[in-house]
Amino acid sequence: ADAAQRLHASEEAVRSLERALELIQGLPQSSERDGLELRVLTNLPAPLLTVEGYLSGRVAEVHERALELAGALGADLEPPLIRSLALASLARGDFDAGRAFGDQLRARGEREGDDVLRVEGGYVLGIAAYWQGRLAAARAHFEDTIGRCRDEQRSAHLVSYGQDPEVVCLTRLAHTLWLLGEHEDAERTRDLGLQLADERGHPYSRAVAGVFAGILALDQRDEQRLRQHADELASSDPAYQAPQHRIVADGLAALLEVLGGRSSQGAGRVRSIVLDARRDEPATPGFHALLMRILLEACVAAGEDEAGLAVADEMLEMGGGAELWEAEIHRLRGGLLAARGAAPHEVEAELMRAIEAAQRQAARTVELRAGADLDRLA
């Protein structure tokens, strides 16, 4: 399994670890047997998340059994399991638990002088802040994490945690900077993240980078770049593509149908993709919120005002990472109200909510957009 992880062969790593668990079941009961099972379970979430995300429920089973064994043995949880529990908490929208696990990882890294743990803890804290729309905090965590990444430690991250933290933090930082209003820095950061992803050739990290470069392009309303990133995601080798990335690729492709003039067909496809995905547990932190953001954009582009308002209202209530787009949701909702013929004071009130949310989040880009919308309304 270790060798497979080093070759980016996550499915083979999962098969090897699952086979190891089968063999362990044939051993006589003892604390040594339980300790060996716990060790294997600790190493399973990283490749399993790459292959399945949380869609299958298998990761939750691994967590439950590992926690049961650790409790029975009186053993401390090892960092890969802590980090996996953190991501599971964030995927469920339990940001308090996710941050607690992130703090635990980072504190252990400080105690042990271990930058791998500092980086993984900082990554967890960064994405927790990001999905809650706490942009200044997210920026600080991402920048600190990127600054601690070392070439000689990359293999440790890939084997034990399943991704390149420098690549994934750079592309999330790019979106964060853009929302903060620092557009040139955002584009440079995005380009650096994509460049490193291409040079290093880790398929899962490259797909994550493509997803967040695509989301940045969506929020920028840069259709050309959005198409580029969507095409790259769609054409990546299926053997290395996690299901959550295929779902996002399908959603972006359907959105591009709307933007290309096939409004009703494309919007219907996006809606179907989102509804299918939401029947399962979120595949990764912010996954359902990201899909709803794509659906909201499709409704706006297709001129489906009533449907768009329903999506916006749901996003404002759903949590789970939709907080990232709170200000933009209110701004788009104002536009949808205007398109439906709402009274000017209703539209103005919604745009003011967008400005207030943007100021609270320090989302300068959205604040300026909402202000421009308000000026046009006047």
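Me: What makes five of the residues in the lining of the largest pocket nonpolar, five polar and four charged?
Reply: Their residue types do. Ala, Val, Leu, Ile, Met, Phe, Trp, Tyr, Cys and Pro count as nonpolar, Asp, Glu, Lys and Arg as charged, and the others, Gly among them, as polar. By that rule the lining of the largest pocket splits into five nonpolar, five polar and four charged residues. This is a predicted model, where local features need pLDDT of at least 70, side-chain atom pairs count only at pLDDT 80 or more, and totals for chains, interfaces and linings use all residues. Residues are numbered from 1 along each chain as its sequence is written, and side-chain values use heavy atoms, without hydrogens and water.

Me: What makes a space a pocket or a cavity?
Reply: A 1 Å grid is laid over the protein atoms alone. In a cavity, a 1.4 Å probe fits but cannot get out; a pocket is an open set with protein on both sides within 12 Å along at least five of seven lines. Lining residues have an atom within 4 Å of a point. The largest pocket is lined by 14 residues, including Pro203 and Arg206. The largest cavity is lined by 27 residues, including Arg172 and Tyr204.

Me: Which residues of helix 10 are called buried?
Reply: His157, Leu158, Val159 and Tyr161. Buried means under 20% relative accessible area (1.4 Å probe, protein chains only), so these four residues of helix 10 fall below that cut-off. His157 also lines the second largest cavity, along with Arg154 and Asp164 among others.

Definitions and conventions
Buried < 20%, exposed > 50% of the residue type's maximum accessible area, 1.4 Å probe, protein only. Helix = DSSP H or I, 4+ residues; strand = E, 2+ residues; numbered from the N terminus.
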